[in-house]
Amino acid sequence: MRAGQQEAVTSLGDPPAIEVEGLAKRFGDVTAVDGISFAVRQGEIFGFLGPNGAGKTTTINMLTGLARPSGGTIRYFGRDHTSSVKSAQHLMGVVPDESNLYPELDGFENLCFCGALYGMPRPEREARARDLLETFGLAAVGSRRFGQYSKGMKRKLTIAAGIMHRPPVLFLDEPTTGIDVASARQIRQLLAGLNAAGTTIFLTTHYIEEAERLCDRIGFIVSGRIVALDTVDSLLQEVKGQHAVELLLSEERTAACAEISEAFPDLRCQATGSRLRLMSPKPVSLFPLLRFLDERDVRVFEARVVRQSLEEVFVRVTGIGVDEMRKEREKQGAAA
Amino acid sequence: MKAWIAFGQIFWKDVRTYYLKPPNVSWGLLFPLAWTGMFFIKSGSGLETIPALLPGVVAISILFGTTSLLAVTVTFEKRGRSFERLLLAPIPLELLMLAKTAGAILFGVANAFVPILLAALLTNLGGVAWTSLIPGIVLIAVASTFLGLFVAVAVKEVFEAQTLSNFFRFPMVFLCGLFFPIAQLPGWLRPLSYVLPLTYGADILHGAVRRANTLPLALDFLLVVVFCGTLFFLTLVNVKRKWIL
């Protein structure tokens with residue numbers, strides 16, 4: 001639990017803000033989400049992490065009413081809404097992975113329109129829109145058309161639109177993908193502020209560091225299944241006492257991992273292309289390792305010690321290289 | 001009450017951002033003008049032919065005006081994902097789709113009055129039964145709009161919506177008795193005429209303008225209402241099946 005968040009998270013006796021049991025989604029023969037179960041406590045930031053195609057967006061779509069589950073149950077604040085998520089839509093704000101406001105309306109009009117969709121009377125929605133434009137640092141561009149906003153401004157306004165009606169639960173799908181560092185930092189601060197005010201946040205992201213910094217608990221989803229779910233601290237226990245080193249080779253050497261594991265039994269080796277990740281319960285001594293590789297004509301361009309982080313946990317529990325995640329992230333950022 | 005606030009704002013946003021835009025206003029005016037001029041010149045007759053041409057021109061103006069715009073307001077928003085925002089709002093799907101079509105219905109009605117105003121300037125419309133004509137125009141606008149909505153929901157791209165709309169629109173113009181009496185069509189084509197909503201709408205207009213309806217007006221009204229309900233129902237089924245996966 002992050003410092004300062006204790007008050008915002010309600011007691012364990014309260015029903016979870018979101019509770020999912022055996023949730024599944026099949027498209028013909030393809031199982032996109034495979035009977036997942038989890039609960040998001042009131043007032044927490046729950047991170048949902050996984051590679052592209054893992055089932056994150058499909059899960060959000062089912063939870064928000066944009067997709068019908070093939071099986072399982074969905075509860076909001078203890079009430080079953082499986083058969084009609086529409087009846088729970090007033091409880092949630094949704095910020096999709098792509099900003100989907102109206103390009104022909106200006107920022108203020110977009111927010112007012114979103115407020116109206118939730119039945120907010122005119123004076124209330126106009127006052128709220130002005131407040132949010134101020135809070136998100138967009139007051140100066142409130143009368144500019146959304147289509148003329150920068151990517152960062154678009155993301156901020158889309159988040160503002162998601163919270164216009166003060167929903168107790170906010171779904172955020174990749175909120176900082178494809179935007180500059182300063183805007184991303186500002187968005188993270190805004191999300192932390194929202195959460196401190198009591199909003200439960202369900203966050204999907206490719207940015208593991210972002211999830212580590214923001215989330216109380218994290219679920220890793222791979223191929224439609226949750227492979228790990230716990231608090232950030234507990235997940236980090238997985239790699240506590242572990243030491244890791246990453247080597248960048250001049251070329252891909254498929255046999256290198258097997259040779260290292262044989263020569264250095266303490267080391268666990270994982271290869272992703274020309275990158276090797278070596279993990280050990282003891283500090284890794286680089287010199288004998290580099291000499292060993294040199295003797296086998298394996299050139300090492302770069303060697304770095306990897307700090308214990310959620311990235312390490314992710315690699316361990318999913319078996320997916322962080323490089324693959326990075327590539328996906330870059331691809332998504334470029335597309336956005 | 002809350003759902004009606006949403007309804008009003010969806011309707012008003014569409015009116016502002018689509019229907020009151022200069023290209024659409026000019027389309028709404030020019031298109032009926034062009035049809036009126038074309039048929040008037042083609043007929044080669046005097047002003048006395050206007051009442052005979054008027055129902056056809058009115059119906060075509062409504063049909064093309066509504067179906068063309070639905071392709072934009074629905075297909076375009078679905079493509080740009082802003083329609084998802086509407087699907088995420090806590091308003092019943094039926095009300096949402098009515099809000100999305102209300103602007104097009106009004107646009108269709110407004111289109112219909114362009115040739116009527118022109119005709120009023122050129123000839124005497126004293127014999128027109130307005131109590132049948134106006135509800136008839138509204139019903140044709142509703143049926144055409146729902147047909148446009150049905151097409152818009154069935155496709156993914158705006159150009160597909162336009163193409164598929166033409167598949168329905170052009171045969172309808174020739175088969176529904178607007179310009180050629182259904183009785184003059186080849187026998188094998190006639191049954192097709194009677195499964196088109198515009199056939200009954202056109203009959204209402206012919207009846208209202210020059211007492212030349214072939215079916216009882218009450219039956220015409222009833223059948224157009226049935227077509228409207230069926231098209232709307234099928235659209236809702238399609239939205240649930242295709243958009244809420």
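Two strands are said to pair if DSSP finds at least two bridges between them. Strands (E, at least two residues) and helices (H or I, at least four) are DSSP runs, numbered from the N terminus. The model is predicted: local features need pLDDT of at least 70, side-chain atom pairs count only at pLDDT 80 or more, and totals for chains, interfaces and linings use all residues. Residues are numbered from 1 along each chain as its sequence is written, and chains are lettered from A in the order in which they are written.

In chain A, strand β1 (residues 18-27) pairs with strand β4 (residues 71-76) in the antiparallel sense over five bridges. Within this pairing, V20(A) has I74(A) of β4(A) as its bridge partner. Strand β2 (residues 30-40) of chain A is also antiparallel to β1(A), with seven bridges, and F27(A) stands opposite V30(A) of β2(A). Two residues lie between β1(A) and β2(A) in a hairpin, and G28(A) in the turn has a positive phi of about 65°.

Contact between residues requires C-beta atoms, placed from the backbone, within 7 Å. By this criterion, 22 residues of chain A are in contact with 19 residues of chain B. Helix α2 (residues 107-117) of chain A gives the most to the chain A side, with three residues.

In chain B, M97(B) lies in helix α5 (residues 93-122). M97(B) is buried because 20 other C-beta atoms lie within 10 Å (buried, 20 or more; exposed, 12 or fewer; partly exposed, in between; C-beta atoms placed from the backbone). Not counting residues up to four places away in sequence, M97(B) touches L149(B), T235(B), L236(B) and V239(B).

Technical notes:
Two residues are in contact if their C-beta atoms, placed from the backbone, lie within 7 Å.
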